[in-house]
Each structure stands twice: as structure tokens, then as C-alpha cells.
Amino acid sequence: AIPPLVELAKSGTDEAKYGAAGALQNLAADDNLAADENQASIAAAGAIPPLVALTKNGTDDAKEAAAGAFWHLSINADNQVSIAAAGAIPPLVE
């Protein structure tokens, strides 16, 4: 389920990008029983760069969903490094 969401976050319509970011956020949420596995799988599927793009250029709703996804993804220490390396921090603090 994760790779198609990553693809939508990259190249879907604005609404599809928002929906994909929200779904990735929910999958990575720490109240999800599979959160640890999902957090690693989401990053491995290449979701971080398209989420960064959404924080920079997405609709307001997509920016919020991408920020929420980063919140949950960053629980994983490996993801923290990947998120920072991908340039996610500046648009999140602007």
C-alpha cells in the first residue's frame, strides 16, 4: 500500500497529493500497531523527497499533512537523518 501512496504524493493531483500525505501520516502514526515497521517502510519507499516537495510547494492542506507525516516519521532515528538530509527542516520552520 505504501509505494502507490508515494507515487501519488509525487505526481498526483493536488487533492491526491494531500490524500497521500495524510495516509502516510496515518500509517506512520505511533498509535498504529505497525508504526515502527511503517515508518521504516515509508522512508525506504522514497516518501521523504516528495513530502519535502509538498512542504515547499503543496497546498496548505498538503503542507500540513506532510508536516504531520514528518512528525511521525521522525520518531525513527534513521528517518531523522534522512529527513534532515533531504532538506525538510527549513520549510517546516518557515
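Student: Leaving aside its neighbours within four places in sequence, which residues is leucine 73 in contact with?

Tutor: Contact means heavy atoms within 4.5 Å. Once neighbours within four places in sequence are set aside, leucine 73 is in contact with Ala28, Gln39, Ile42, Leu51, Asn79 and Ile83. This is a predicted model, in which local features need pLDDT of at least 70, side-chain atom pairs count only at pLDDT 80 or more, and totals for chains, interfaces and linings use all residues. Residues are numbered from 1 along each chain as its sequence is written, while side-chain values use heavy atoms, with hydrogens and water left out.

Student: Where is the place of leucine 73, and is leucine 73 buried or exposed?

Tutor: Buried means under 20% relative accessible area and exposed over 50%, with partly exposed in between (1.4 Å probe, protein chains only). Leucine 73 belongs to helix H5, and its relative accessible area of 1% makes it buried. Helices here are DSSP runs of H or I with at least four residues, numbered from the N terminus. In sequence, leucine 73 and alanine 43 are 30 residues apart, yet their C-alpha atoms are 7.9 Å apart in space.

Student: Which residues does histidine 72 touch, not counting residues up to four places away in sequence?

Tutor: Histidine 72, also in helix H5, touches Gln25, Ala28, Ala29, Asp30 and Gln39 under that exclusion. Its relative accessible area is 12%, so histidine 72 is buried.

Student: At what angle do helix H2 and helix H3 pack, and how far apart are their axes?

Tutor: Two packed helices are described by the angle between their axes and the distance between the axes. Helix H2 (residues 14–28) and helix H3 (residues 35–44) meet at an angle of about 140°, with axes 8 Å apart. H2 is therefore oblique to H3, since angles under 35 degrees count as roughly parallel, over 145 as roughly antiparallel, 65 to 115 as roughly perpendicular and the rest as oblique. From H2, the contact is made by Leu24, Leu27 and Ala28, and from H3 by Ala35, Asn38, Gln39 and Ile42.

Student: Which residues of H2 are buried, and what covers them?

Tutor: The buried residues of H2 are Ala20, Ala21, Gly22, Leu24 and Ala28, and what covers them includes helix H1 (2–11), H3, helix H4 (48–57) and helix H5 (60–73). By contrast, leucine 33, which sits in the loop between H2 and H3, counts as exposed because its relative accessibility is 91%.

Student: Why do the buried residues of H1 line one face of the helix?

Tutor: In H1, the buried residues are Ile2, Leu5, Val6 and Ala9. Seen down the axis of H1, these buried residues fall within an arc of 100°, taken from the directions from the helix axis to the C-beta atoms, so they line one face of the helix. The face turned away from that buried side carries the exposed residues Pro3, Pro4 and Ser11, whereas the buried residues of H1 pack against H2, H3 and H4.

Student: What is valine 6 in contact with, leaving aside its neighbours within four places in sequence?

Tutor: With those neighbours set aside, valine 6 is in contact with Ala45, Gly46, Ala47 and Pro50. Valine 6, a residue of helix H1, is buried at a relative accessible area of 3%. Valine 6 and proline 50 are 44 residues apart in sequence, while their C-alpha atoms are 7.4 Å apart in space. Pro50 is also one of the buried residues of H4, and the buried residues of H4 pack against H1, H2, H3, H5, helix H6 (77–85) and helix H7 (89–93).

Technical notes: Axes are lines fitted to C-alpha atoms, for helices over the stretch in contact, and angles run from 0 to 180 degrees between N-to-C directions. Helices (H or I, at least four residues) and strands (E, at least two) are DSSP runs, numbered from the N terminus.
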